[in-house]
Amino acid sequence: MKTTTRVAVIGGGVVGCSVLYHLTKLGWSDVMLIERSELTSGSTWHAAGGFHTLNGDTNMAALQGYTIRLYKELEEITGMSCGLHHVGGVTLADNQDRFDMMLAERAKHRYMGLDTRILTPAEIAEFAPIVNLDRIIGGLYDPLDGHLDPSGTTHAYAKAARLGGATIETHCMVRETNQRPDGTWDVVTDKGTIHAEHVVNAGGLWAREVGAMAGIYLPLHPMEHQYIVTDDIPEIYERGTEHPHIMDPAGESYLRQEGRGLCIGFYEQPCRPWAVDGTPWNFGHELLPDDFDKIADSIEFAYKRFPVLETAGVKTVIHGPFTFAPDGNPLVGPVPGLRNYWSACGVMAGFSQGGGVGLTLAQWMIEGEAERDVSALDVARFGPWITPGYTRPKVTENYQTRFSVAYPNEEKPAARPNRTTPMYDIFDQMGAVWGQQYGLEVPNYFAAEGEPRFEAPSFRRSNAFEATAREVKAVREAVGINEVQNFGKYLISGPNARAWLDRIMAGRVPQPGRLSLTPMLSHRGRLIGDFTISCLEDETFQLTASYSAQNYHMRWFQKHQDSGVSIENISDKRTGFQIAGPQARAVLQACTRNDVSDMAFMDVRQLGVGMSDCLVQRVSYTGDLGFEIYCDPMAQRQLWQTLTTAGTPHGMKPFGMRAMMSLRLDKFFGSWMREFSPDYTAAETGLDRFISFRKNVDFIGRSTAEAEREVPPARQLVAFELDADDTDVNAYEPIWIDDKVQGFCTSGGYSHYANKSIALGLIPRALAHDGLQAEIEILGKMRPAVLLTQPLFDADGARMRG
């Protein structure tokens, strides 16, 4: 056995073998895989082997498309068969909401280049005659759907990796992973110790246990899953072609041909987490006992949807575990807080996603970043607050809702409330309708007496519409108050703090008492942060950014940390409120003995506000006159009392995130992970106006930013006004210009201030002129749109800056 290697991949399932292959494909040959038993000995061997491209996240869909295209390449490289069956598939819609979701997905596919289409019931009958079309109103067809041989495919990955120089060691049990002071790892096995520069946890069912060896907790949990293979069915084996896949979300089932019969699997409601206290090391090629009671309701529904099943005998029952993360997406990338330790686990759809996961991780390791935004699968999307007690109910919920309609405004209830601020009970008594960000409860809006305390999930304008309008009106006409807990906040200090910020941030680093806005760029010039820098003293700064990106940003900061720089995440150590609107200054002045009349836009001051010493900065994401007021969490309730007492005579009202996202549209402000993400550059989104090209610093990403300054990128972020009826843009709707798709929406919504439906999106720069006529496809309908260049509110900035 080798005793040294550049990369040690732990786990010999389809994901581990894919990672190994892609490392060799990108040029690293000194890599090895360690498997405690035989390849495929976890959940891979009993997988149903289906694959599809459809995914609500466009980048995940792209990775799934890559995975499916890769299989033919593997066959050509290795001469082995993956057992490919490209049969196509259709997802059934039995109600309007589900059909709306399909229309929204089909619209996304137009600019993604996916050849999907909407089917009528008559077309479904021709495509899949075994379907009972009772209550079916349509379907979404994907020609790339299919299935394969799980074992053959995994061994094809393994052979391709070996051809690239990789080593595979089976029947080798990992006992410990110990990090050396230089960041490398000793992987202790029952055959000896392997010294590795990098470790990849591709442990699958055992990923929790492998992670624990390194002192980390990975938020995933195995779930029991059951599918059935029938005896021969004449309606199947007498067909001239193989039967396509059918997904029946109403019945929580998927169906495909298996030999001369059918294979049907279920995502049943009475589901069951498996191995709650840990996966046994001696589990492998076993199956779980059959449990027909658990899927009895699903089977009954399936008999009605697919009547041929009623007379078909059961040949085989496969009941085995596989792992989920709380949101159902994989956990991939460098684990925060550890050097050279990588995650490639939680991949519940291994044969749809395994190739893309392997490519992503190999790019990340070798090139420093992946070619596309991988936020949806980044292991850093969950923070250090996550626990098994949170993971298990969220995984259960995800399993139960795998085939449910995914609404853009839906707030799922499991494991909530979890993390709350001192204001939770006060806001709750005021009618707060709650959302969550990064585990934190955040008011979405405040329901009036008699209004429901629940936002109805919808693709159209929801029952939050009127409440949001009231809150926007309060901000624009008087003053609103909103909690600022849901900002990521970092304290940067030390003798080299300014120099470090100049290198890590693309924008200007302000002087004491001032703040600045800046993008943070990757080495390839992609947006990885949208920050406010507040200079508190010569060597002390506060950074603010997206609350949900804390783990992601701290990982980046620590990777690039210099000596003489202290970095502390104070996101939950500093909280407070923002007040915004024409009366905001009057309210603040009534709460402090300091004169704030001369506090200019982008000023930062330490002020006594009521009984609290606060950090106050004049800036607001609402685009209005506003102040952010930060305090110690222990002082937050007192600060609330001070501000509301002073604000009541001025008409101050609380507002939530629904109003915030409407208010920002008035100024065409972008939002993190909508307009601003690693998919885009600063010049594409307009954030290049905050880049300081005059500073004599080779900041990270400068070469790309300089190149795009000389030759602007092909696309540009713009705003449109729509004739949208009762449905506004959410994200990824195609933008039609001159009768062809030439762009897509990044986000949108309703401006309650201007009474207009607004969309933000990327289109060719050459077409981006005021008054451009376009159409935006929303739920299958073409909506007229006109490009706007003038903000809807405070176009000259007089109120925001004055």
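Is Asn444 buried or exposed? I find Asn444 buried, at 4% relative accessibility, where buried means under 20% relative accessible area, exposed over 50% and partly exposed in between, with a 1.4 Å probe and protein chains only.

Before going on, I note that this is a predicted model, in which local features need pLDDT of at least 70, side-chain atom pairs count only at pLDDT 80 or more, and totals for chains, interfaces and linings use all residues. Residues are numbered from 1 along each chain as its sequence is written, and side-chain values use heavy atoms, with hydrogens and water left out.

**Entry on Asn444.** I place Asn444 in strand 21 (residues 440-446); helices (H or I, at least four residues) and strands (E, at least two) are DSSP runs numbered from the N terminus. Setting aside neighbours within four places in sequence, I list the contacts of Asn444 (heavy atoms within 4.5 Å) as Glu411, Val433, Trp434, Gly435, Gly656, Met657, Arg658 and Ala659. With Glu411, the side chain of Asn444 makes a polar contact of 3.2 Å, a term for a pair of N or O atoms within 3.5 Å in which, within protein, one must be able to donate a hydrogen and the other to accept it, residues adjacent in sequence counting only if both atoms are side-chain atoms.

**Entry on rings.** My search of the whole structure returned 28 aromatic pairs, counted when ring centres of Phe, Tyr or Trp (its six-membered ring) lie within 6.5 Å, with planes under 30 degrees apart called stacked, over 60 edge-to-face and the rest tilted. One of them is the tilted pair of Phe51 and Tyr71, 5.9 Å centre to centre with 50 degrees between the planes. Phe51 lies in strand 3 (residues 50-51) and Tyr71 in helix 2 (residues 58-78), so this pair ties together parts 20 residues apart in sequence. Phe51 is buried at 1% relative accessibility, and Tyr71 is buried at 0%.

I also looked up Tyr267 and Phe403, an edge-to-face pair at 5.5 Å centre to centre and 70 degrees between the planes.

**Entry on cysteines.** I found zero disulfides in the whole structure, a disulfide being a pair of cysteine sulfur atoms within 2.5 Å. For Cys614, the nearest cysteine sulfur is that of Cys631, 5.3 Å away. Cys614 is buried at 1% relative accessibility, and Cys631 is buried at 4%.
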